[in-house]
Amino acid sequence: MNKLLDIYTDYIISSFDQTTATNLSRLLEGEISHDQVTRFLSQSYFSSSYLWLSVKSVVRDIQNNDGVLIFDDTIVEKPYTNENDIINWHYD
């Protein structure tokens with residue numbers, strides 16, 4: 001499970017295009033099927049607690065009094081995108 005999680009997260013972080021299980025499988029030349037990725041994602045629950053437990057040791061290793069950790073979920077308006085039922089302004 002950890003190997004697939006590492007591959008999947010690396011794929012999402014490094015991707016400049018739409019991320020899909022099919023595209024990941026294509027990128028890996030079929031070494032991991034899109035069905036394996038889909039099953040993995042649907043059978044797991046990735047909560048904030050899971051995330052913290054996964055990164056806590058790394059954060060503790062590099063933490064210092066001058067550092068900050070920022071999570072940003074900002075959606076930036078794109079001048080070429082029209083609003084519709086799905087693409088619209090969202091407020092948090």
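In what order do the elements of the protein run from the N terminus on?

**View 1. The whole chain, shown as a predicted model.** Read from the N terminus on, the elements of the protein follow the order α-α-α-α, and the secondary structure accordingly comes to four helices and zero strands. Of the 92 residues in the protein, 12% are buried.

**View 2. Leu-27 in helix α2.** Helix α2 covers residues 21-27, and Leu-27 is found in it. With a relative accessible area of 58%, Leu-27 counts as exposed, because the cut-off for that class is over 50%. The view also takes in Tyr-11, which lies 16 residues apart from Leu-27 along the chain, while the C-alpha atoms of these two residues are separated by 9.2 Å.

**View 3. Glu-29 in the loop between α2 and α3.** Although Glu-29 is not a glycine, its phi is positive, with a value of about 55°. The residue has its place in the loop that lies between α2 and α3, and at a relative accessible area of 74% Glu-29 is exposed.

**View 4. The second largest pocket and its lining.** The volume of the second largest pocket is about 270 Å³, and two or more residues of its lining are given by each of the elements α1 (2-14), α3 (34-43) and α4. The largest share of this lining comes from α4, which provides four residues. Among the residues that line the pocket are Leu-5, Tyr-8, Thr-9, Phe-40, Leu-41, Phe-46 and Tyr-50. By residue class, the lining of the second largest pocket divides into eight nonpolar, three polar and no charged residues.

**View 5. A nonpolar patch on the surface.** Six residues are shown here, namely Leu-51, Trp-52, Leu-53, Val-55, Leu-69 and Phe-71, which together form a nonpolar patch with about 640 Å² of accessible area. Leu-51 and Val-55 belong to this patch, and they are also found among the residues lining the second largest pocket. Leu-53 is found in helix α4, which covers residues 48-62.

Technical notes: Residues numbered from 1 in each chain as written. Predicted model: local features only at pLDDT ≥ 70, side-chain atom pairs only at ≥ 80, totals over all residues. Heavy atoms only, no water. Buried < 20%, exposed > 50% of the residue type's maximum accessible area, 1.4 Å probe, protein only. Patch = residues over 30% accessible without salt bridge, like charges linked within 9 Å, V, L, I, M, F, W, Y side chains within 5 Å. Areas by Shrake-Rupley, 256 points an atom, 1.4 Å probe, with all protein chains shown as cover. Salt bridge = Lys/Arg side-chain N within 4 Å of Asp/Glu carboxyl O. 1 Å grid on protein atoms, 1.4 Å probe; cavity = no way out; pocket = protein on both sides within 12 Å on 5 of 7 lines; lining within 4 Å. Points joined across faces, edges and corners; volume = space filled by probe spheres on them. Nonpolar A, V, L, I, M, F, W, Y, C, P; charged D, E, K, R; others polar.
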